[in-house]
Each structure stands twice: as structure tokens, then as C-alpha cells.
Number of protein chains: 2
Amino acid sequence: MQIRIASGKILNGREDENILQTCKKHGLYLVASCGGKGICGKCRIRIVQGEYRTASTGKIPAEDAASGVVLACQTVPKSDISAEIPKESQIVVGDVLELPRINDLLETFLSSGRTVSPLVKWVPLELFPPTIDDNISDLERLKKTLGSAGFADMRFSYALLSAMAAVLREAQWSINLGYVDGPEAVILLPSSEKAGCGLAADIGTTTIVLCLVNLGDGALIDVGSTYNSQIRYGDDVITRIVHATESGGLAELQDAVVTDLNDLMLPLLEKHNLTEKNIESIVISGNTTMTHLFWGLNPRFIREEPYTPTATFFPLWESAIAGLKAGEQVPVYTVPCVASYVGGDIVAGILSSNMHQQSTVSLFMDIGTNGEIVVGNNEWLVTAACSAGPCFEGSGIRHGMRATEGAVESLALDPHTFEPSLKTIGNSTPIGICGSGMIDAITELFLTGLIDQRGKFTKDRDTKRIRDGVEGPEFLIYSDKSRDIVLTEVDIENILRAKAAIYAGVSLLLKKIGMTLDSIERIYIAGGFGNYLNIEKSIIIGMLPDVPREKFRFLGNAAIAGSYLCLISDHMRREAEEIAGKMTNVELSVSRRFMDEYLSALFLPHTDISLFPTVGKLLKNRA
Amino acid sequence: MQIRIASGKILNGREDENILQTCKKHGLYLVASCGGKGICGKCRIRIVQGEYRTASTGKIPAEDAASGVVLACQTVPKSDISAEIPKESQIVVGDVLELPRINDLLETFLSSGRTVSPLVKWVPLELFPPTIDDNISDLERLKKTLGSAGFADMRFSYALLSAMAAVLREAQWSINLGYVDGPEAVILLPSSEKAGCGLAADIGTTTIVLCLVNLGDGALIDVGSTYNSQIRYGDDVITRIVHATESGGLAELQDAVVTDLNDLMLPLLEKHNLTEKNIESIVISGNTTMTHLFWGLNPRFIREEPYTPTATFFPLWESAIAGLKAGEQVPVYTVPCVASYVGGDIVAGILSSNMHQQSTVSLFMDIGTNGEIVVGNNEWLVTAACSAGPCFEGSGIRHGMRATEGAVESLALDPHTFEPSLKTIGNSTPIGICGSGMIDAITELFLTGLIDQRGKFTKDRDTKRIRDGVEGPEFLIYSDKSRDIVLTEVDIENILRAKAAIYAGVSLLLKKIGMTLDSIERIYIAGGFGNYLNIEKSIIIGMLPDVPREKFRFLGNAAIAGSYLCLISDHMRREAEEIAGKMTNVELSVSRRFMDEYLSALFLPHTDISLFPTVGKLLKNRA
């Protein structure tokens, strides 16, 4: 069967192959966090012509189903068909958010006098071709030439040796040898070729971001992102650890995340006329559990007292060990972790913030599914885990989505008509709401009195935008012929829980180390929110502390930025290791005091309004 | 279906499973060089009771088939059956030949003041168990303890780390860490356990021998041997290289030899109540092609001018790379090779002969399928390839067999009645004839006048033992109710070709380096012949040069002996590397002079009888 898609492209499907599989075969990657089981409901497409059979999943409202909307994973064409594949159902290649941020980072890096120094170093070698009088083995010949070039002790892996005979002859004995510290040879290419590109990944509990980088000049070529398909086994690290300890679970979790990375990598490469042979090194960062799962290491003891991971500093392993579809020898650098609940993502985040180089004290907040907070300066760094849950990344929110094109990223309500004015990423038609949009929406709903201090819709406002949905009351943010975008009371409750956990974490950590907000010079906010996070509104809902606004800096996805820096620089990898080595961890979540702080922070902005003086003044003025 | 075998053991087979498969499943390994395709005819068994269906293969004479003889690989029971599995159809575990030779070698080794020093060194470590206040990662904890024990720079492989968390806890933090030079950690065990055993293998083109060794004291525990199943793809290295370059061929060849080794290893371990967890290191030796095939390295360029192998000195790789069923991290040491046609088997052989330590000049002859000859002393070593073909190992000879229990290893003929008197290995009932028996047989047939100088049966002798067989005239060596053992004219022709190649090789190598036999003080003969090789008779047929008999030393399988020495001693591994480093290779087979020498040596003993003065005298006396 043939599937014609809007671009005019024709996909040839096998009999009985579902549309998700056919798309993947043709390099069109749909979001399918559940692995194609009809559970996550993310691979929605619309069939505009042709016959098909589809399984009913309860994920498609009746009126949508009537207009041909189906889940690609549950649908098999019965004739040639035409289909529309909406943007939100596709893996995002060409992320519009991180490109400028990382370009700024590279500019700062280069202007500080540093040079690009990737993981793999290259040495060009001219070997004498063998003759009947000089027919020593290929390896001895290579070692001899390397010896003259000053590399007497190079180690060689099996994978390199097993391909060597063919490469040397194809190269007519003129080669580029790529090696890593050891020194160990990892890539052998004809002298006419050099790989030249690298990948930096941030493996979040909810979101995976992948950067494709030119390692010649450090320039970011492109960014892709998708949901972490491990979501099908649970939203948080704990449920995933539990799944990993069940039979076959660890392999399933590893396969899910590695498949996501491969599904991001292949279209990114194709888009830029590159192949996996162009990849010479990879950096990954993730929290400690994500890092263990990526490498297929059992995370069981992360969860059991006294909470010890298998490793925090990882050897340089080749991509084939994880199952990445780069050359099997391509070295993968793992950004070091600190402890079971302080991972490489936070180390990478601190690295990109540069707070570890400043003499003044900063506060760093990574607001992600497995968020962490860090206080410190160039002498000390103290950290605590502080999970916001997946909601700011769009997961568990009715029309939530990651901060990619089409997401509502900011929002204001007319105080009289309650009509919203929206701004979307890329100025596109809205298709969902991302973290920064959620914060704006709750603030506006709160300030206009549509929700109360507990986040419940008030009954006495006269607007059709508040309506009863399937999950209870909801606010209609946007509507057009193809979709409604709402924020439900359940969504709001989820978001309040997230912001309360964050505020409680900051508050308790500072108390534990005997500091006050006054002594903090700078507050870095990281997370996948949108182009910018509205600091004012984040303070109004009580997520961020009520301190002078100029102290705040919004970093976006700081983990991918740090991962990128590690990809392009030896120096940055050393700094990351120093950060991981000196960071100390404080346990918050086990303490009774944390629960007290958390419950107080569940209100808008907080039960103790004296902690939010400017918000108190604002509310008083409104009243 | 159940199969009852002579020992009374019951094997449970699945429906449609052939008897070869059922036997293997129960740890009873039959010889099946063709991989169970009904081609090699080696897995003969006799079904004494029960119903079965069997495919006709032309490998079983009609009268044998009538008495229930079948190929196990072609036979499926239709009811419960009883079967006799003759010794010659089974892989040999408990080789009677090599045990005493290797015990002598160990005695010499120890009496020279050397100590047993295997590849893997062990360090006992007591780790502090983690607590909530000291919960650094397992790897950091291990590294810290290693640092205090003086091992700051230990490297860790993925396989070790992926099992580490479980082992440390099972061991209650009290461990034995096995490491190799680097240093690199390779085996982690609870302190109550130590692997303790090693394997030394000689991978011959025709025969594979495997030693199981106690690495505590170096004692040989047992020896097993079998045919190299690669035989199904060709008898010699050239046809195997050709096969390796065909699609999928390399993987098939690697799988064949690794399966053979696993099939030898498992019953050896079981017999001595050991498991694969007891194996801590492995040494293999083989000619350069066998070594490449074992490691799955493409041998293509070994065969193409200018004949360059991929490697001659191999890194220490783990057993999982080859597919051996030892622990995946168990290091495998490869005895170094010299050149494309001078392999690790000859290096191991020289090592076991000790000629490389003597100031006088010796000649070393390894008479195997891919035989080699070496001349030299403690200052220089010159070698040349000199293939005898597989016949002395029983392959390609009608009733040929390896030198294992039941093989006719020596033979004399009554000069008047032509009745043979036989001696078999283990003094068992004869089941075939091995290399030393073949040499004896030809000498006796020649001296009694039953064959002429060209190896053809003479017509004028009156004995029923010369008869017409399916392949032409043959001599009946032995007969009982279950079998005849014959030597055919075709067999004799094969053996004459082998001995001519060897003699021509020695003769031409000495001429090339400008030496004569007089300057050789000692001649070492290696090969899988039998308990001893009759030197006198080997000279009479013209395989060995006619020099004073006291110069000869018969070493048996010298390659497995050298492989064994490398398994038990760092010092011996260094010596092997020195031997490989200083040996120089002379090409003989490409020269026109070799063909001349070879053709002259095809006669009994030689066309130029002046080269064999004592044989000439003997023949004159007889006449």
C-alpha cells in the first residue's frame, strides 16, 4: 500500500504494516512514547482519502475520529491512502529554541581564548605499502609508523583491528587515525576522509534533546528533541528503577532510550546530508538513573538505602555498548554524576552557567522532572534533589507539550473579557502549551480571579471559557477548527505541586546550609520552558522566591548546553569533572521539614504571604 | 523419545530432533566435522533396539546398515531406542598421550626455579560497606580501596562494571579482583572464591587440542581433542581462506572452531566438577590463518601477494569477542605469529623445545597439516612453511584417526607370512590408524616388498591381506566382527606426498641458508603422531634425513605444550614474544627448486639413495 503525505512524498508500506512502522521505515519519525501500543495517543494523524482499518483506543474523541483522525500505530491501510501528519505528532528536528542559546555559548567560549578540542584527536599517517620483502602484519606496520610519529604505546581495540585490513587497502596506506586518551585508536579512515561531527545529548526523564555539532569549529548544526520513550514504563525515575529490576526490564528501558536517540540522530544526519560515518564522538548527560539506564547498568541500588549508584565517573565506552547507531567504536563521554539523585545533567547545567567560576554565591535551579538545586561559588557547591515532575515538559498536562514550535509560551488575559492573547514558539498556530505558557496561564487565571489561592476555578465569574470537561472544570485557552487547547483543574493541581516542590526545596536547602536569599547574588533558572520564562509571573505563583528581579538569569535547557560544551572542549570536560568532584549532596526529601515546607508552598503564592512582599502588595492593589 | 546408551544413561530427545542434537544437549559430544550434514560420516552409532528413520548418505556400507549402524545426525528415533556409541564417534576427553609429556614439562619448568605466574593476578580487597553518610558510587569505592592497595590507575571494562553492583553485595564487600597488565580489572569475585583454572588450546588445521590446567600449581588436569570442524569447508588453509572471503564464510569458520572449543571445554569441566566460572584465563596457539579465523579477522590478505596478515602480535582480548563460553571477560592470550605462513603454533613449538636457549644449532620439524621447519639457536631462528597435509592426523586416510585411544600406533609385519603385529594407544581394540602407525605400515610394506619404491602394491606376493577394495588395492591391517582396518594405495600415495614435502622443505631450507645436516646438533620432531615416532622407520621411508639417530628428539604435540607453558608463566609468554620477534621467514613453496626437491623425495626413500646411506645399506642386505 502507498501512503501519500502532505509534502507529496509517497511511503510504500507492506501488507499488514501499521502506518507508524511505515513512516519509521521511510525516516519519518512520529512520537510514540508507548512504543506503538496505542496507549500514549501521541502519534495522531488524519487520513483524508483511502480505506483503512483502525483499532479503537479511546484516545481519539468521536468527532475527531469521524473526520479521519487515527493513531498511526493502530491503523493499517486497506488501499492507497493520503494522510496529514501534524507537526505535534512528529519528532522535532530543527529545534528553534536551543540554536541561538548554544551559538551564544560558543561565542563566549571562543572569545575567552579557548579553542575547540574534541574527544578524538587525529593523526595523519603515511604507511609504506607492503612488499614481498617487507610483509609484516598490518598492525605491526601501523605500530611502526605510529612509533616514528611519537605514539609508541597506542592500544587497539578488536573492532578497529577487524576492519583494518580493508580500510588500509582502500586508503592506499594513507590514513587518518583517530584516537582518544590512553592513547587508544578508535577510528581509522582514509586520509581523504575525516568524521568531523559530534553529538551531544541530554537524556531527561521526560525529554531527550540531541545536538549535531561540527567539531571543526564547534558550530551547532542542528538540534532535535523528543519524549523519552521510557515514559511508557513510568513517569519518574523511581517507577523506572522498579521496572529495571524486573525480568527483562533493564533491557527494555535501555532499548527505549537508545531507540529514541537513534530515531533523532538518523533524520538529523539525513537532513544535513551526513551519515553515521561522520560522527566521531558523542557526549551524554542525564540524571544518575538515566545515565545508568542508557548504559544498561542496573540502577537497583540507587533506590535502596544507602542509595549507591554503580558509578558516578564513567569510563569512555564505545557507542556499540549502548547500541547507538554511530560507528561501533565511536567513543561516548558520560558527563559525571555526583550521587544517586544528583546527576550529570546538573553537573552539565552548572558548567554552562559558569557559577562554579565566580567568587560570589549563586543559586542554580534546574526545573525538570528530576530537578535539582545548587548553591555555591568557585570554592564550594552544595546540591539537593528537587523533583518538579514532568508537567513543565508537557507530560501529564492535557494539552501540554514540550517547548517546541507551536507551543503557547506566553499568555495574558484581558482582566474584563478574560479573552487570552497568546504567543507561540515560532509564531505558529497553537498546538499545545509548554511550561512557560502554563506559568503565565495560572498567574493570569489567579490575578483575574478565575482561580482561587488553591488553584480551584471560582464559580462566580461570567465567562464561557470556563467549562466542564471530561476531567472536570477547564479553561479554554485556544480553539480552531482542528483543535481546542484547555488547561484543566487537574492540570493546575499538577503544576501547583511542581512549583511547591521547587520552592520548598530552595527554602529548605538554604536553611540547612544557614544562608538567606539576601546572600545570593545571582539565581540561574534552567529547564525546558520556552524562549524565556516570565520571572515576574513565576514569582507571583510562588515558584521562584520574591527577590530583586535583576538577580535572575534564565538559561533554557542548561543540561544540553553543558553536554555541548563537553563535546567541544577537553578543558570543559575537565571542569565538569571538577564540578562533580567538589559538589556535596544534601538529602531533603526524607525530612519531615520538607513536607511542612511543601504543604505551605501549595498555595498561590504561599500560605505565608510575608515571604512574597511584592506579590502581597500587588494582590492588595488589585483587591 | 528416550535414547538409552550403553552406560545406562537415558537421553531425552524432542520429537523430530536427530540423535546428534539430543546427544549434544545432554553433554555427549559426537565428532561431526561437517556440522551434522551427513557428509563427514564421523558420527556413526549403532541402534540395537527400537524404531527410527534415517537418511541414506552412502557413508554406511550395506552390511553395517543392516546391523543398525547409522549416522546420528541423519537419524531420528520413532520410538524409545537403545544405541551403542563407539569411542571413535565421540570427542576425546581425557587424552592419554599429552598428560605425561606435559607433566614432564612442568617438572622441568619448576626444577629450573621458575614459578607459576598466570595471566590474571589477584588482589584481595576489603571495602568499607556504604552507609548513608558514605554513599559514593561502587566504582569510586572500589577505586579508593585499590588506590590504598597501590593500584591507582586500574581500568575497568563495561562487562565488569555491569556485574559489579551485584557481586560486591553478594560478596559483602570482601572481594578478589583479578586483573591483567595495564592494569585492567577483568574478574570480580567474592573473596571466598577464586577461579583457579585455565585453558590452553592448540588450534590445528585438522586437530584441536585443549588442556584444562590448575593455575594454582600449574598441574594439567585433563586434555581433550577433536577434529577442527572447519574441515567441512576444506582440508587446508587455502580453501578455508577462500571460503572466508565468501559472504558469511568468515562467520561460519569462526563459529565452527569456537563451537569445537566449547564442545571440548564443557565436558572437560563437567568431568572434573568445575564450571566455566572456574576459568580465569585462556591461551590459544594456531597457525596464522587459524588464529585469524578464531578471532573472526578476515584472512584474505594472507593469501594475496605480498601475503600480509592483519596482525601477528595480538592484543589481549576477552573470550566473549571470539564467543567462547567462559566468563565473557576472561582474557585470551594469543601466542604470537611470525608471518602469514609461520604461526603461533610454531612459536609455541619452539618454546616447548627450548632450542631458542641453546648455543648449538637445532632443526625443528612440526609435521602437521600446516607444518613448519625451523633452524637456529639462541641467537637466530630461520623458518619455512612445509605443509604435510592432514593425513598424519588421520584425515583423508581411509581408516585414519588422530592419535587417541584405540589408534594403531605401531606395526610390524612378519617378513614371511606378512601377518601384522599391532600396538594400539591405550592397548585398546584397534579402531583406526594414526600417523606413527602409517609410517610403520609403509616401512614394513616396503621392506617386505609388498609395495615398490613408488608405493604401489606389487602383484607377485602371495597374501590374502592385499585385496581389491572400492578405491583400488588395499592392505588389510586388522579385522574383527565390527570392522576392517585397511591401508589403501591411495592412502599410501597421500602419505608419500606428505613425507616428500617435509623432506624437500628441510633439504631446501638448509641449502638456502648454506648449512648442511652435519652442522645440526639436534633434530626435534613435533606432530600428533602417537606415543612415539619410530625414527628408524621414518628415515627408511625418507621423511627424516639419514643422520645419527641420537640427534633426534620426538616432542609429540609441541604446539599444545608451548600453549600450556604460556598459560602458566609470564616468563614463557615473554619468551614466546622474543621467539616470534627474532624468527625470520624464508619462502620455499614458490620456488622452482622446491618442486625439484619434492619430486625426488616422492620415492621410497628418495631417488638419490646416496642421501640415505644407511637405508641403502639395509636394502642391499635385504636384497
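# Reading calls off a predicted two-chain model

Colleague: This is a predicted model. What makes A:Arg300 and A:Glu304 a salt bridge?

Modeller: The closest N and O atoms of A:Arg300 and A:Glu304 are 2.9 Å apart. The cut-off is within 4 Å, so the pair counts.

Colleague: How do you know whether A:Arg300 is buried, exposed or in between?

Modeller: Its relative accessible area is 36%, so A:Arg300 is partly exposed. A:Glu304, at 29%, also counts as partly exposed. The label buried needs under 20%, and exposed needs over 50%.

Colleague: Which distance makes B:Lys537 and B:Glu444 a salt bridge?

Modeller: Their closest N and O atoms are 3.2 Å apart. The pair links distant parts of the chain: B:Lys537 sits in helix 14 of chain B and B:Glu444 in helix 12, 93 residues apart. Both residues are buried.

Colleague: Why are B:Arg573 and B:Asp570 said to be about one helical turn apart?

Modeller: They are 3 residues apart in helix 16 of chain B, so the separation is about one helical turn.

Colleague: What are the accessibility labels of B:Arg573 and B:Asp570?

Modeller: B:Arg573 has a relative accessible area of 5%, so B:Arg573 is buried. B:Asp570 has 24%, so B:Asp570 is partly exposed.

Colleague: How many salt bridges are there over all chains, and how many between chain B and chain A?

Modeller: The count over all chains is 54. Between chain B and chain A it is 0.

Colleague: What makes up the side of chain B that touches chain A?

Modeller: Its residues divide into 21 nonpolar, 9 polar and 5 charged. In all, 35 residues of chain B are in contact with 35 residues of chain A. The buried area is about 3,000 Å², with 64% from carbon and sulfur atoms. B:Tyr158, B:Pro306 and B:Thr310 supply 20% of what chain B buries there, more than any other three residues.

Colleague: Why is the relation between the two chains called a two-fold axis?

Modeller: Chain B can be laid on chain A by a turn of 180° and a shift of 0.0 Å along the axis, with an RMSD of 0.1 Å. That is the relation of a two-fold axis. In chain B, B:Gly182 has the C-alpha nearest the axis, 5.2 Å from it.

Colleague: How do you know which surface the copies meet through?

Modeller: 100% of the interface residues of chain B are also interface residues in chain A, so the copies meet through the same surface.

Colleague: What makes A:Ser157 buried?

Modeller: Its relative accessible area is 12%. The limit is under 20%, so the label applies. A:Ser157 lies in the loop between strand 10 and helix 5 of chain A. Its contacts include A:Gln329 and B:Trp317.

Colleague: Which side chain makes a polar contact with that of A:Ser157?

Modeller: The side chain of A:Gln329, at 2.6 Å. The cut-off is within 3.5 Å, so that distance qualifies. The backbone nitrogen of A:Leu160 lies 3.3 Å from a polar atom of the A:Ser157 side chain.

Colleague: How do you know whether A:His606 is buried or exposed?

Modeller: A:His606 has a relative accessible area of 5%, so A:His606 is buried. A:His606 is found in the loop between helix 17 and helix 18 of chain A. Its side chain reaches the backbone nitrogen of A:Asp608 at 3.0 Å.

Notes:
Residues are numbered from 1 along each chain as its sequence is written. Chains are lettered from A and ligands numbered from 1 in the order in which they are written. This is a predicted model: local features need pLDDT of at least 70, side-chain atom pairs count only at pLDDT 80 or more; totals for chains, interfaces and linings use all residues. Side-chain values use heavy atoms; hydrogens and water are left out. Contact means heavy atoms within 4.5 Å. Buried area is the accessible area (1.4 Å probe) that two parts lose on being put together, summed over both. A salt bridge is a side-chain nitrogen of Lys or Arg within 4 Å of a carboxyl oxygen of Asp or Glu. Ala, Val, Leu, Ile, Met, Phe, Trp, Tyr, Cys and Pro count as nonpolar, Asp, Glu, Lys and Arg as charged, and the others, Gly among them, as polar. Copies are superposed by least squares on the C-alpha atoms of residues with pLDDT of at least 70 in both. Helices (H or I, at least four residues) and strands (E, at least two) are DSSP runs, numbered from the N terminus. Buried means under 20% relative accessible area, exposed over 50%, partly exposed in between (1.4 Å probe, protein chains only). A polar contact is a pair of N or O atoms within 3.5 Å; within protein, one must be able to donate a hydrogen and the other to accept it, and residues adjacent in sequence count only if both atoms are side-chain atoms. Lists of a residue's contacts leave out its neighbours within four places in sequence.
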